[in-house]
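Here's a quick briefing to read with the model open beside you. Take a look first, then work through the topics below.

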Amino acid sequence: EYYGTISIGTPPQDFTVVFDTGSSNLWVPSISCTSLACQNHQMFNPSQSSTYKSTGQNLSIQYGTGDMEGIVGSDTVTVASLVDTNQLFGLSTAEPGQFFVHVKFDGILGLGYPNLAADGIMPVFDNLVNESLLEENLFSVYLSCETTGSVVIFGGIDESYFTGSINWISVSYQGYWQISMDSIIVNSQEIACSGGCQAIVDTGTSLVAGPPSSISNIQSAVGARQDTYGEYNVNCSSVSAMPDVIFVIDGVQYPVPAFAYVEQNDQGLCISSFQNTSGDLWILGDVFIRVYYSIFDRANNRVGLAKAI
């Protein structure tokens, strides 16, 4: 989980949010929410902000992992010292279920395309662009393997975070940051996405995910075994000998090495980070983005990938 701090209101109230390219709304918990998930987190108090305006609109958003219901308000949002005035955002009044209870973040800041936004609310990024606060109409993401050092750069590209050249890939559908993938190769064999498939570059998903039959092909190809809990385990001592999983996009190979797709859990077991999705889209989550610095270019509707340092 990667998150950062933004503030909302005057004077500012601080929140920790996930910068999520897989959704397009901003929301935080509100003080009128009684769910355990809200009580465990920072809650926005509209009456304490002189710039807050209510809209009377309701909002509900479903995520892959949890959902929120609430109202829509408008206020000043500060992100990375950029002051975004009159930003519409969600104030959750209910966060049912378990997912949001124990997470380390308060809310979500969506960085997907506007047509993915619930209720047609203009996303933060679009507002920043419309208020001429950015040098370029793009943002880029570097995810560190350490607990600190990860960044989202609004309006620019920082060459100190990658080596070599940037490969640009056209967005195939403007909702998620969706691209066309050619195939997935392990040990010189095409083992998934044969004949091509669609993928999204999603900072809000930890792993790499795809259709179950393809994921099981990848797991067998890398030598992972399913345990009684359905987790795919590998022998920790053999990680260095395991093959790269290569994602071929626009004819360019993007290898993800075993040290990047295997993680050690609290019990000291090594787990292979590929998971099943219910849909047809492949999800290139944090496991992929840690290896490839990612540029999300709205001006040209393209994604840039370069080898992260």
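How many salt bridges does the structure hold? This predicted model holds two. D126 lies in helix α2 (residues 124-130), while R298 sits in the loop between β25 (292-297) and β26 (302-308), so this pair ties together parts that are 172 residues apart in sequence.

**Salt bridges**

- D126 and R298 bring their side chains together in a salt bridge, at 2.6 Å from N to O.
- D126 counts as buried because its relative accessibility is 11%, and R298 counts as buried at 15%.
- The side chains of D297 and R302 also meet in a salt bridge, with 2.8 Å from N to O.
- Here D297 is buried, with a relative accessible area of 2%, whereas R302 comes out as partly exposed at 26% relative accessibility.
- As background, side chains of opposite charge can pair when their charged atoms come close.

**Domains and their interface**

- UniProt lists residues 2-306 for "domain: Peptidase A1", in an unreviewed entry.
- The domain assignment of the chain gives two pieces, domain 1 (3-133) and domain 2 (158-308).
- In the contact, 13 residues come from domain 1 and 13 residues from domain 2.
- The C-alpha centres of domain 1 and domain 2 lie 29 Å apart.
- Between them, domain 1 and domain 2 bury about 1,100 Å², with 50% of it on carbon and sulfur atoms.
- One salt bridge is found across the interface of domain 1 and domain 2.

**Helix α3**

- Which residues of α3 (residues 212-222) are buried? They are S214, I215, I218, Q219 and V222.
- These residues cover an arc of only 140 degrees around the axis, which puts them on the same side of α3.
- On the face of α3 turned away from its buried side, you'll find the exposed residues S213 and S220.
- Just after α3 comes G223, which takes a positive phi of about 90 degrees.

- Q275 has its place in strand β23 (residues 274-276).
- Buried, partly exposed or exposed: which is Q275? Its 34% relative accessibility means that Q275 counts as partly exposed.
- Leaving aside neighbours within four places in sequence, Q275 is in contact with L207, V208, A209, G210 and I215. One of these, I215, is also among the buried residues of α3.
- The C-alpha atoms of Q275 and A37 are separated by 25 Å, and these two residues are 238 residues apart along the chain.

- D202 lies in the loop between β15 (197-201) and β16 (208-210).
- With a relative accessible area of 7%, D202 is buried.
- What is D202 in contact with, leaving aside its neighbours within four places in sequence? The list includes D20, T21 and G22, and also I283, L284, G285, D286 and I289.
- D202 and F19 are 183 residues apart along the chain, and their C-alpha atoms are separated by 9.8 Å.

**Backbone details**

- For background, most residues other than glycine have a negative phi, and most peptide bonds are trans.
- T10 and P11 are joined by a cis peptide bond, with omega at about -5 degrees.
- P11 is found in the loop between β1 (4-8) and β2 (13-20).
- S81, a residue other than glycine, has a positive phi near 65 degrees.
- The loop between β5 (67-79) and β6 (82-94) is where S81 has its place, and S81 counts as exposed at 70% relative accessibility.
- N187 is another residue other than glycine with a positive phi, near 50 degrees.
- You'll find N187 in the loop between β13 (183-186) and β14 (189-192).

Note on methods
Residues are numbered from 1 along each chain as its sequence is written. This is a predicted model: local features need pLDDT of at least 70, side-chain atom pairs count only at pLDDT 80 or more; totals for chains, interfaces and linings use all residues. Side-chain values use heavy atoms; hydrogens and water are left out. UniProt positions are given in the numbering used here, feature names are shortened, and annotations may be inferred rather than shown by experiment. Buried means under 20% relative accessible area, exposed over 50%, partly exposed in between (1.4 Å probe, protein chains only). Helices (H or I, at least four residues) and strands (E, at least two) are DSSP runs, numbered from the N terminus. The arc is that of the directions from the helix axis to the C-beta atoms. Domain bounds come from an automatic or database domain assignment. Contact means heavy atoms within 4.5 Å. Buried area is the accessible area (1.4 Å probe) that two parts lose on being put together, summed over both. A salt bridge is a side-chain nitrogen of Lys or Arg within 4 Å of a carboxyl oxygen of Asp or Glu.
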